[in-house]
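I'll jot down what I look up as I go.

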2 protein chains.
Amino acid sequence: MTKPVTIEDLARITGVSPSTVSRVLNGNKGVAADKRALVLEAAEKHHYRPNAVARGLVSGRSMTIGVVVQDIATPFFANMLVGIEQGLDQSGYRSMFASTLWRDNDPNDDHEPFHVLLDRRVDGLIVLAGQASDQFLRDLAEQIPIIIAARKVEGLEDRCISIDNVEGASTITRYLIGLGHKRIAHITGHRNHPDALDRLRGYRLALEEAGIEYDEELVVEGSFHEESGLKGVEQLLTRGVRFSALFAGNDQTAYGAMLALASHNFRIPNDVSVVGFDDVSLSAYTLPPLTTIRQPAVAMGRAAAESMLRLLSGNDPEVPHFQTELIIRKSAAIYH
Amino acid sequence: MTKPVTIEDLARITGVSPSTVSRVLNGNKGVAADKRALVLEAAEKHHYRPNAVARGLVSGRSMTIGVVVQDIATPFFANMLVGIEQGLDQSGYRSMFASTLWRDNDPNDDHEPFHVLLDRRVDGLIVLAGQASDQFLRDLAEQIPIIIAARKVEGLEDRCISIDNVEGASTITRYLIGLGHKRIAHITGHRNHPDALDRLRGYRLALEEAGIEYDEELVVEGSFHEESGLKGVEQLLTRGVRFSALFAGNDQTAYGAMLALASHNFRIPNDVSVVGFDDVSLSAYTLPPLTTIRQPAVAMGRAAAESMLRLLSGNDPEVPHFQTELIIRKSAAIYH
DNA sequence: AATGGGCTTGCAAACGATTTCTTTTTGCGC
DNA sequence: GCGCAAAAAGAAATCGTTTGCAAGCCCATT
């Protein structure tokens, strides 16, 4: 493990002072051309790379922005991360992720990932959804530039990038109704998940508009994971309720639901229509391809990064507004 | 943006020297009980958090280990990342990811993510697959503790965590043969991707064992992505070759392939059997659920992290060996 | 009473950069 | 050839910690 070469080493080698080396390396003017060349050559030759830690200590900027995410393995979040990396590219900033680890036993303090990042003196924080309280996030915003994605926090509206979940849900429910469906089941996300709540609200809104009575027998609680779609359908089936269409809380839930439906010999979409929410990239490849609401994850991630950069350069974050879009594929059909 | 409280602040507040504060905070012995209590109380009261940057500079350890990954959004890699986070949990170490950004135009130097991490003085490096050259990785290993996952590097065998791709591929091909299939198509990964090469080798090996002649008309090049499975099948179909089974280079390729097959009215597995490789979590939820080879991504990620911790504490990394496992679901059936 | 050995504690030197302040050198006009 | 401003280069302070070293104190031993 060879020690990295320092600015001091370069100074010794070239016979100038560390200050001069630093000036050359930072492109500062006021250095004679010959010494500049000398230093540059030595740096090149010895593969000098500035120590970001030392640099960070004196400048107070780590050139890294922290990202708090609940679950990297969820396609939707993974795509947002990709977007963030894209948005940061070429900016000199880099992202560092910290996730809320689901060590189930341990009554884990869910501020831990924030502290990990804060301790490392990240220059800004991007928070993806998550279950930290609004108040906590507001307090955080006093200490450090913050952008929140896929979530809305009261009092921090100008820092939040999110879509309108009730609008998306009502749109897709309306689409189902337009196809002639009247008995539409819904598998939600967790009871107290804000997105889940909004989507349920959108579902009810569309029903109401169409004069269809809300039947709570048709809705079951899920968790936004595949297996909750599977269980949801089983539950619906054992309840014995009839339904011709199913609005799954998100795409993953829809996958599980489709599997359960198929294993009970329902054909999709002939016997029952299934729709999701998110438009994860895989949804174009399911059998049948899933009709869903697109939430532009990559673009949102990129926007979050760009807003952060603006914030860091002292400007207004100018968070853009994202629209959801109905993506019609093959999993929903006319009711007959 | 209030300035964080420093050790110096605590020293001033409590009336002791910074050294003493430091000693208390680090649990060093040789500090009088009363001062210890005093300092602790003040630290608590003012929410003191040590500056990891400063600490890193003097100690030479950043307590973060860098992870280089090509694409976070690939389910397989995402799961490995989850495993890494799990393995690092409670160790005090934290991971920082850097991915090779696919800015397509730019002739991007693919050592960039390594430098980003190295500059920030990570204490170790975990490399997930990737296209950096073996030689580059060997050189790197001289400078910094390194663990390589999902890849084999000559000369660094004791640092590599990977599965035997040829064994997995031959196992699943043998399974197909055992079901009576003789004309088995294969959609590979990129031409020069080592895993793709090994899987192709395993496929040919099983064929040879069974006395089935290798027919290059039956294999097309893919890219390990969904859409390459789709295109692969189209290609096979326009070639007009007959096949009763298809071994997709990985699960994602299989998804695309199944979609293409279905849209040409082939029933899976009745008309053609499809199998994949990886056993990504979604594969249990496709229609039909995918028969595949399991590569234990999360466990491998965790193992990588654990080996890294061992390495950092001066021990032998003891990289474990992982076995692939044939997961039989519903996408392959007996040939008739 | 003087010596010595534990304990505590503080001072000061790192760590590797950046940056302010000084000093030295250079160039130019007269 | 002198003086003076401007340019170039070096010295030193700084960022927030950790840590080796020395100093101080108290008490016991002889």
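Started with the DNA strand C side. The residues of the surface near DNA strand C split into 12 nonpolar, 10 polar and three charged. For my own bookkeeping, Ala, Val, Leu, Ile, Met, Phe, Trp, Tyr, Cys and Pro count as nonpolar, Asp, Glu, Lys and Arg as charged, and the others, Gly among them, as polar.

Housekeeping: this is a predicted model, where local features need pLDDT of at least 70, side-chain atom pairs count only at pLDDT 80 or more, and totals for chains, interfaces and linings use all residues. Residues are numbered from 1 along each chain as its sequence is written, while chains are lettered from A and ligands numbered from 1 in the order in which they are written.

I find 25 residues around it, the closest being T6(A), S22(A), A54(A), S19(B) and V58(B); near means a C-beta atom, placed from the backbone, within 6 Å of the strand. In chain A and in chain B, α2 (18-25) and α4 (52-59) each give at least two residues to this surface. Helices are DSSP runs (H or I, at least four residues) and strands are too (E, at least two), numbered from the N terminus.

Next, DNA strand D. I get 27 residues around it, with S19(A), I7(B), S19(B), S22(B) and A54(B) the closest. The surface near DNA strand D has 13 nonpolar, 10 polar and four charged residues.

Last, the two chains. 46 residues of chain A are in contact (C-beta atoms, placed from the backbone, within 7 Å) with 46 residues of chain B. α5(A) gives the most to chain A's side, six residues.

Conventions: Two residues are in contact if their C-beta atoms, placed from the backbone, lie within 7 Å.
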